[in-house]
Amino acid sequence: MANDLIDHYAMGAEVLNYAAQGLSLEQERSRPGPGTWSLAELVAHVLDADLVISDRIKRVIAEDRPTLLAFDENAWIERLDSNAMPMVETAALFAANRRWMVRLLRNRPEPDFGRIGVHSSAGPLTLAELVAKATGHLDHHLRFLYAKRASLGVSLYPRYASNDAAKD
């Protein structure tokens, strides 16, 4: 079970790099539908969330029933100047973080995936659920990224980290 989960999680780095490629700075900063965020803000959010989830994963592995805090994604986009972040650099940092976390996860014994952290709004979450949420979160936002690219006339064939995402 854990190996399949980690394999899907690991695919996220390649998939985001693929989805973020080949755009001009003007295209990255534009705000085509759906949603209100620019492509750069969307990719920055994916990175921010992945870094937060990585912290949660580490806490669940290292601590006994740690508290996992929620964050205000819109405040982060507004206050952290996410629209100014180059998508290629953002995707590269995402990829580096995923590679680091995959190494950490592959070295975990199977029982660790049942360890629990308590999220401030979602309640108890296992390590396996956190890894699955990270993969699902990326796939959820990739749908918007591909739709925004299509609105700009620079569409790509959609690729996702989970096989389930392509079926929706």
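This is a predicted model: local features need pLDDT of at least 70, side-chain atom pairs count only at pLDDT 80 or more; totals for chains, interfaces and linings use all residues.
Me: Got it. How does the lining of the largest pocket split by class?
Reply: That lining has 7 nonpolar, 3 polar and 3 charged residues.

Me: And how much space lies in the largest pocket?
Reply: About 250 Å³. Of the 13 residues lining this pocket, Ile 53, Arg 56, Phe 71, His 119 and His 137 are the closest to its centre.

Me: Which helix gives the most to the lining?
Reply: Helix 3 does, with 4 residues. Helix 3 and helix 6 each supply at least two residues of the lining.

Me: New topic: the largest nonpolar core. Which of its residues touch the most other members?
Reply: Among its 23 residues, those are Leu 16, Met 87, Phe 94, Leu 138, Leu 142, Leu 145 and Tyr 146. At least two residues of this core come from each of helix 1 (2-20), helix 3 (39-62), helix 5 (87-106) and helix 6 (127-152). The largest share, 6 residues, is from helix 3.

Me: Zoom in on Leu 16 for me. What does Leu 16 touch?
Reply: Leaving out residues up to four places away in sequence, Leu 16 touches Val 43, Val 46, Ala 91, Phe 94, Leu 138, Leu 142 and Leu 145.

Me: What lies apart from that core?
Reply: Another core of 19 residues, including Ile 53, Ile 61, Leu 68 and Ala 134. Ile 53 is also one of the pocket-lining residues closest to the pocket's centre.

Methods: Residues are numbered from 1 along each chain as its sequence is written. Side-chain values use heavy atoms; hydrogens and water are left out. A nonpolar core is a set of buried Ala, Val, Leu, Ile, Met, Phe, Trp, Tyr and Cys residues joined through side-chain atoms within 4.5 Å. Buried means under 20% relative accessible area, exposed over 50%, partly exposed in between (1.4 Å probe, protein chains only). Contact means heavy atoms within 4.5 Å. On a 1 Å grid over the protein atoms alone, a cavity is a set of points where a 1.4 Å probe fits but cannot get out, and a pocket is an open set with protein on both sides within 12 Å along at least five of seven lines; lining residues have an atom within 4 Å of a point. Grid points are joined across faces, edges and corners, and a volume is the space filled by probe spheres set on the points. Ala, Val, Leu, Ile, Met, Phe, Trp, Tyr, Cys and Pro count as nonpolar, Asp, Glu, Lys and Arg as charged, and the others, Gly among them, as polar.
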